[in-house]
Amino acid sequence: MIAAEKKPFEQIKAVTDQFEKVLVVGCNTCVAVCLTGGEKEAELLTAQLRLQREKDSIKGSVETVTVLRQCENEYVDAIAAQIDGSDLVLSMACSIGPQLIAERFPKVRVAPAMNTNMLAVVKKHHVWSEYCVACGDCGIFNTGGICPIARCAKQLLNGPCGGSQGGHCEISAEVPCVWQLIYDKLATFGLEGNLGRIGGPKNWSKSNSGGPRTMKKEGFEP
Amino acid sequence: MERELADSITRSSARPVPGDARLSPPCEVACPIHTDARRYVQKVAEGYYDLALSIIRETNPLPQSIGRICAHPCEEACRRGGVDEPIAICNLKRVASDGAKAAGIVGFEPPAVEYSTGKKVAIIGSGPSGLAAAYDLALLGVKSVIFEKQPEAGGFLRTGILSYRLPKNILDEDIDYIRGMGVEIRTGAGVGEDIKFEELVSEYDAVLIAVGLSESRSLPIPGVDLPEVLLAVPFLEDVNAGRDVPQLGKDIIVIGGGNVAIDVARSAKRLSGGRVTMVCLEADHEMPAHDWEIADAREEGIAMVCSQGPNAIVGDGRVEGLEVKKCESVFDEHGRFAPSFCETELSIIPGDTVIITIGQMSNLSFLTEAGPEVNERGILIFDRELCTTSRRGVFASGEVVTGPGAAVNALASGKKAAIAVARYLGVEAHSSHEPVAIGEVPEDVRAQIKQAPRRIMPVRDTGQRITDFGEVETGLGEIDGRCEASRCLLCGSGARYSQLKCISCLTCVRVCPYGAPWADGDGLGGIDQDKCQACGICFTQCPAKAIDLAVLSEADIISGIRAALAVDSRDVEFGCWYSQSRVAPGAGFVALPCTSRISVGLLVGALDAGAEKVYVAVCSEDDDGRFIHGHRQTRAAVAEARAALEEAGIDPERIELSLVPEKKCMKEA
């Protein structure tokens, strides 16, 4: 899922302190799955803000509402009444959410409560790791189903660097060297020799470095 | 700044519906009157005896009496029985009524009844089924007049059951409550003698025959006419009325192996101070009396001779003994009563008195030619579903039509008849649907439930108690009662989830210690109510707030927080029923089966609602509390809540975790 972490409270409050009627909007899809921005967390942040504002004598109110997703017009429009009644919408979705809200509700100020950081796998309960950077041209079939762009600190496409030690990346003992993983994986199929093949250059224009992307589909239009 | 916790949090979409009871606990299902045992046991655990009593009264018109003598089929069905021992549900009924009485609070004031229907019913017999019918009819606005031939009301509860099991004043209190509802009970008014049956039929809008089985069966054996041969029912009537029984000697033989025979034997023991021997057809393991009654009788020194049939009562002008023949089997291959004997294996059991307790039959001599009719065996022709006899407007209930059974079955029969009578009178009445039970506790879950011994009902010393008719059982008392009630698994009261809100994130699947939530490739499939122990961990962890607990839901806990703050204190303590001790006695108390169901949201929310300080009681790591894993959630929630406070610039000490100071239930029983 898209994983996002809550911004430090100090940063959030530096924004919310400026507004009287704050609406904390939770999102019950990706950020709920990574346990940081769903309804439960939205209620907690709301309670924290209320307690802080009472202590700091900040006038106004903090309310909360959660929708299933904040990346779709209909879900965001569903809380129009609450948004229209607010001075600041503090979104707990990934950055897409506050952006869509800002677009749909041009007159209200919007702030993100989260730092969106990665596309992640759930390694185990409470641990999420980056597995994809949305490069737009997935070549993991050739690397044993493992992505060297997302999981290599240097995004190397041709094999490990000299910093690969004992199977882990030089940046940390907790980060495996992805090229070690790729090599070992291909070797289980006897295909490590394939790594010697020359492939063409990667089409980076399909990634975000080629400019902001839009995907379209043909088919029945309502 | 006060804040209404629930009101100010806007709900965006459907909350799960707690109390969505598709599956009921087996105790409720097994109970003939479907009493909500789980709910009253929970209230006893919390110490709310008056609430427990009012829950009992929702279905039970004789709470104190039944709490003494019930056959408690609920306990046989109790799922805790598969873990260690069933909950003492019957004894806890008494804890509720004793507790409510001790506190002098409501539960003993009958409601004022409006007899708005203008209809009236004549009920013949003031035993449990007649009383139950009158009670339920009253609640439906239909007045009853009960005609009881005995000088006092209660039927067999008074004339057949002894004070050492059911004190007369207790029975009086239950009956007085029913009288207090406007039910008229006319004693010394035998139908057939003092008043004619046809008069009742013409003067009342309906008649209910609830006369029970008031006549003893006898045996067609030689010697049955000897003076020291007694029949069970008249004997018990005499004992219960305080009359002397001059024929009672010192060496009494009781023929019979059922519950009534047990009562006859124990009474004979008390009156005579002599030797009492029960003789029955059945083998030891198949004696029809309840196991616990057999044990009580044996405790009191009553001997039991099994597998012997009465052949003749021997003696020259007076009883000198009972000649018995070996009984080889009691039931045929179809389970019907068809004893077979070895006529040549005879022996004599010496004795100077014989009391025949082999069964009872009804006295329907008051019936006239106009009906209702009886069949060739003299039993009322009766429709089990409609409770009707062959005569329009005449109904029947209780042992007169069901045959012998427990008092609670008679209550069920009377309640069923009340609905039938009400409908006949054009009064709207519905029977509730039959509940369906959840399944057994699965094996792997059983191993994760903490064993706790069942509290034993204290009884008077045997040597002392057999010298009088004073009550043998003295009551569990508050501490043992609440501890016993805390053993209840709260079956079916656990996690419910909203399919609308659920995002199938699998958090609940991962965190549940019992494996109750299950998922497949399509997402969360369900939360298995057989496995769920209602620890609350999944509720605290669900990121989408799709889960709530069916009993003591989040809304209930929020109400509890508000109520705790309304007490003259700015502090709140989250604690548990089980320990019965307080971490912060001055704080408003929110009682829970375990603090494992307290989420970060509830902790910080309590402060947001206006609490100055929140105390949380937790069990030690060694003790691990009610749910084994629960205390770890409590600790994690407190740590997370404190970190959230600190982050927001609020003093984290406003949430304090403390070890439970003393666990009263952990003391040796």
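**Before you start.** This is a predicted model, where local features need pLDDT of at least 70, side-chain atom pairs count only at pLDDT 80 or more, and totals for chains, interfaces and linings use all residues. Residues are numbered from 1 along each chain as its sequence is written, chains are lettered from A and ligands numbered from 1 in the order in which they are written, and side-chain values use heavy atoms, leaving out hydrogens and water.

**Stop 1: chain A.** Select chain A and colour by secondary structure. You will find eight helices and seven strands. Helices (H or I, at least four residues) and strands (E, at least two) are DSSP runs, numbered from the N terminus. Along the principal axes, the C-alpha atoms fill a box of roughly 65 × 45 × 25 Å. The radius of gyration of chain A is 22 Å, while a compact globule of 222 residues would have one near 17 Å. That radius is taken over C-alpha atoms, and the globule rule is 2.2 Å times the number of residues to the power 0.38. Of the 222 residues in chain A, 39% are buried. Buried means under 20% relative accessible area, exposed over 50%, and partly exposed in between (1.4 Å probe, protein chains only).

**Stop 2: helix H3 of chain B.** Now select residues 37–46 of chain B. Nine of the ten residues of this helix are buried, so the rest of the structure largely encloses it. Among the buried ones are Ala37(B), Tyr40(B), Val44(B) and Glu46(B). Show the cover next: it includes helix H2 (26–30), helix H7 (89–102) and strand S21 (588–592) of chain B.

**Stop 3: Gly481(B).** Move to helix H19 of chain B, where Gly481(B) sits. Is Gly481(B) buried or exposed? Gly481(B) is buried, at 0% relative accessibility. Leaving out residues up to four places away in sequence, Gly481(B) touches Val44(B), Leu92(B), Val95(B) and Leu476(B). Contact means heavy atoms within 4.5 Å.

**Stop 4: the cysteines.** How many disulfides are there over all chains? The count is zero, a disulfide being a pair of cysteine sulfur atoms within 2.5 Å. For Cys138(A), the nearest cysteine sulfur is that of Cys135(A), 6.1 Å away. Cys138(A) is exposed, at 62% relative accessibility. Finish on Cys502(B): its sulfur is 6.3 Å from the closest cysteine sulfur, in Cys508(B), which is too far for a bond.
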